[in-house]
Amino acid sequence: MPELPEVETYRRYFEETALGQTVIDLKAEDPRRQLTTDYDTLQQALQGTQFVGTHRIGKHFLITLSSGKILVLHFGMTGDLAYYRDEEDTPRFARVIFYFSNGFRLAFIDSRKFGRVGLAASVEEYQRVKALGPDALDITLPQLQASLEKRKAPIKPLLLDQKILAGIGNWIADEVLFQAKINPVKSATTLSADEFGRLHGAIQLVLRTAIEQEAVYQTFPKSFLIHARGWDDTVVTSAAERQICPRHNTPLEIAKVGGRTTYFCPIWHMISQNSG
Ligand SMILES: [Zn+2]
């Protein structure tokens, strides 16, 4: 599933290809399912306009049009982009195609069709309607601490709450808490100033590493939990198959926290308890 790092990678790809192009036409394979704006309205809004800017809030990709309107791409489970020229290079599962005046095209690829394409009045309006907090890369330490320090809930589900900060998915939350050495079940209100500092630093570290590696997880540093955890939530139940902590070479704990599969290192937990 495209998470913040993938969507940031797509945004950068878009900036290198389709940004600055003028749209002359649009085709959608399954408009009733995948367009959030009706086809005629979307086509009228796009024809003759230029893609002039990009913005990302969490997993949501927003494109500013020369008309001032915003085109929103949400990649769902399997969304991706491809910029190309010739009909025969049209990728498989190209669900929406933007045609440009320079002869090139941009395909919104989506095999499983959970992605969405539509218009918004402005970035702020979209953020308000979708109830999205600040982007996880933009949130400052004081903002993060202020939005969490009075919450009694375990820290992990709070990190996944897109109203608090946008763009943290399940594997990212586990990696962030592992790097910050914070137990996922710990109540947010009990976190110390030092732990908030580590949490903010770990969010930056994990997201920036993932973006640098263009979301190719196999090339992440060896010290990352993801190599043991994987990025899907397949739970290994037998003790013999338990995943091994990359720091301590001991078995990881696997639990449901806030209803989501959670991997964490019990040794980090012991250390953080002992050190107060
Ligand atoms: Zn460990």
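## Notebook: sheet, cores and a zinc site

I began with strand 6: seven of its seven residues are buried, so this strand is largely enclosed by the rest of the structure. Buried here means under 20% relative accessible area, exposed means over 50%, and partly exposed is in between, with a 1.4 Å probe and protein chains only. Helices (H or I, at least four residues) and strands (E, at least two) are DSSP runs, numbered from the N terminus.

Ground rules before going on. I am looking at a predicted model, where local features need pLDDT of at least 70, side-chain atom pairs count only at pLDDT 80 or more, and totals for chains, interfaces and linings use all residues. Residues are numbered from 1 along each chain as its sequence is written, and side-chain values use heavy atoms, with hydrogens and water left out.

I looked up which strands go with strand 6. They form an open sheet of four strands in the order 1-6-7-5, and the pairing is antiparallel. At the edges I found strand 1 (23-28) and strand 5 (79-84), each pairing on one side only. Ignoring direction, neighbouring strands of this sheet are turned by 15° against each other on average. For pairing, I go by the rule that DSSP finds at least two bridges between two strands. As a reminder to myself, strands of a sheet pair through backbone hydrogen bonds, either parallel or antiparallel.

How many bridges join strand 1 to strand 6? I get five, with the two strands running antiparallel. In this pair, Val23 stands opposite Phe100 of strand 6.

On to the next pair: strand 6 (residues 94-100) and strand 7 (residues 105-110) are antiparallel too, over five bridges. Here I noted Ile97 opposite Ala107 in strand 7, and Val96 opposite Phe108 in strand 7. The hairpin of these two strands has four residues between them, and Gly103 there takes a positive phi near 95°.

I stayed with Phe108 for a moment. Its relative accessible area is 0%, so I put Phe108 down as buried.

Angles run from 0 to 180 degrees between N-to-C directions, with axes as lines fitted to C-alpha atoms, for helices over the stretch in contact.

Going back to strand 6 (residues 94-100) and strand 7 (residues 105-110), paired antiparallel, I found helix 1 (residues 4-17) packed on the sheet, touching strand 5 and strand 7, with its direction at about 15° to that of strand 5. Helix 3 (residues 39-46) also packs on the sheet; this helix touches strand 1 and strand 6, and makes about 160° with the direction of strand 1.

From C-alpha to C-alpha, Gln44 is 9.1 Å from Asp25, and the two are 19 residues apart in sequence.

**Entry: the cores**

A nonpolar core is a set of buried Ala, Val, Leu, Ile, Met, Phe, Trp, Tyr and Cys residues joined through side-chain atoms within 4.5 Å. The largest one has 35 residues, and Leu148, Ile155 and Ile168 are among those with the most contacts inside it. Helix 5 (141-148), helix 6 (155-160), helix 7 (170-180) and helix 8 (193-212) are the elements that give two or more residues to this core. Helix 8 gives the most, with eight. I also looked at Ile168: not counting residues up to four places away in sequence, its contacts include Ala136, Leu159 and Ile203. There is a second, separate core of 25 residues, including Leu71 and Phe75.

**Entry: the zinc ion**

Which residues coordinate the zinc ion? I find Cys245 (SG), His248 (ND1) and Cys265 (SG), at 1.9 to 2.1 Å. Donors are N, O and S atoms within 2.8 Å of the metal (3.2 Å for Na, K and Ca); water is not among the atoms, so sites may look incomplete. The spacing in sequence is C-x2-H-x16-C. Cys245 is buried because its relative accessibility is 1%, and Cys265 because its value is 3%.

Last, I noted Asn249, a residue other than glycine with a positive phi near 60°. Asn249 sits in the loop between helix 9 and strand 9, and at 65% relative accessible area it is exposed.

Technical notes. Contact = heavy atoms within 4.5 Å.
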